[in-house]
Amino acid sequence: MRSISLTTWVLASILTGTCTLIAAESSNLLSSEEKGAGWRLLFDGQTLKGWHSFKKPSFPPKGWVVEEGWLHCLGKEGGDLISDVEYEQFDLQWEWKIEPAGNSGLKYFVLETRSSAIGHEYQMLDEERNPDGKVAQGKHVTGSFYDVLKPDVTPPTRQPGEINQSRILVKGNHVEHWLNGVKVLEFECGSKTVKAAVAQSKFKNVPDFGNRIKAHLLLQDHHSNVWFRNIKIRDLSGSQ
């Protein structure tokens with residue numbers, strides 16, 4: 001029986017390792033159809049190309065690593081990452097997972113001319129364990145426009161360690177936040193609704209906040225372990 005148990009364990013280990021390898025090798029790729037439609041990868045699964053620290057030309061010396069096809073934020077003072085390229089209208093999709101009680105986000109419309117890395121934030125949170133999910137009347141939960149607008153529906157956030165699929169669509173002034181195939185929020189940049197919500201938020205004194213602008217994307221280091229992969233974007237500028 002001991003021999004059988006050992007054999008089973010070894011086989012399971014081999015299969016698990018093989019599955020992990022296959023998943024890593026099949027991630028961070030674009031199909032020929034996606035390439036033809038104008039999609040491009042923002043993370044190739046192997047290098048840090050395309051990202052840098054806020055207000056610095058280089059990548060953080062610590063706090064972020066690439067492992068098994070994931071861009072992993074260790075939550076240890078590495079600082080935020082911002083994209084080298086600026087975007088204004090776009091379709092952005094990515095996969096992510098987070099540690100228990102974790103807190104992070106993906107920001108867009110981030111200007112390096114500002115004193116801090118402020119932007120529209122798509123919140124990513126373990127709502128069950130992190131107290132931030134219980135405040136601000138739902139404006140801090142996953143899929144929210146952080147501190148400004150709460151999701152229109154209950155976000156179908158998966159458990160810590162499980163993979164979520166997210167999407168931000170900006171076309172004209174229309175913005176949509178998606179989570180795991182569900183549209184959880186939509187709004188119009190510069191609208192009366194957004195202006196009123198911004199006026200009640202911590203961003204009320206930030207010029208142009210709530211408007212559509214051409215600026216960077218940002219992956220947040222909020223002192224939590226968070227993993228990103230399959231980050232891809234289609235530039236929609238000029239489509240409207």
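Colleague: How much space lies in the largest pocket?
Modeller: About 210 Å³. This is a predicted model: local features need pLDDT of at least 70, side-chain atom pairs count only at pLDDT 80 or more, and totals for chains, interfaces and linings use all residues. Residues are numbered from 1 along each chain as its sequence is written, and side-chain values use heavy atoms, with hydrogens and water left out.

Colleague: How do the residues of that lining divide into nonpolar, polar and charged?
Modeller: Six are nonpolar, two polar and four charged. Ala, Val, Leu, Ile, Met, Phe, Trp, Tyr, Cys and Pro count as nonpolar, Asp, Glu, Lys and Arg as charged, and the others, Gly among them, as polar. The lining includes Arg40, Asp44, Lys49 and Trp51.

Colleague: New topic. Is aspartate 91 buried or exposed?
Modeller: Aspartate 91 is buried, because its relative accessible area is 2% (buried is under 20%, exposed over 50%, partly exposed in between, with a 1.4 Å probe and protein chains only).

Colleague: And which side chain does aspartate 91 make a polar contact with?
Modeller: The side chain of arginine 167, at 2.9 Å. A polar contact is a pair of N or O atoms within 3.5 Å; within protein, one must be able to donate a hydrogen and the other to accept it, and residues adjacent in sequence count only if both atoms are side-chain atoms.

Colleague: Where is aspartate 126 found?
Modeller: Aspartate 126 is in the loop between strand 8 (120–125) and strand 9 (164–171); strands are DSSP runs of E, at least two residues, numbered from the N terminus. Its side chain reaches the backbone nitrogen of alanine 101 at 2.7 Å.

Notes. Helix = DSSP H or I, 4+ residues; strand = E, 2+ residues; numbered from the N terminus. 1 Å grid on protein atoms, 1.4 Å probe; cavity = no way out; pocket = protein on both sides within 12 Å on 5 of 7 lines; lining within 4 Å. Points joined across faces, edges and corners; volume = space filled by probe spheres on them.
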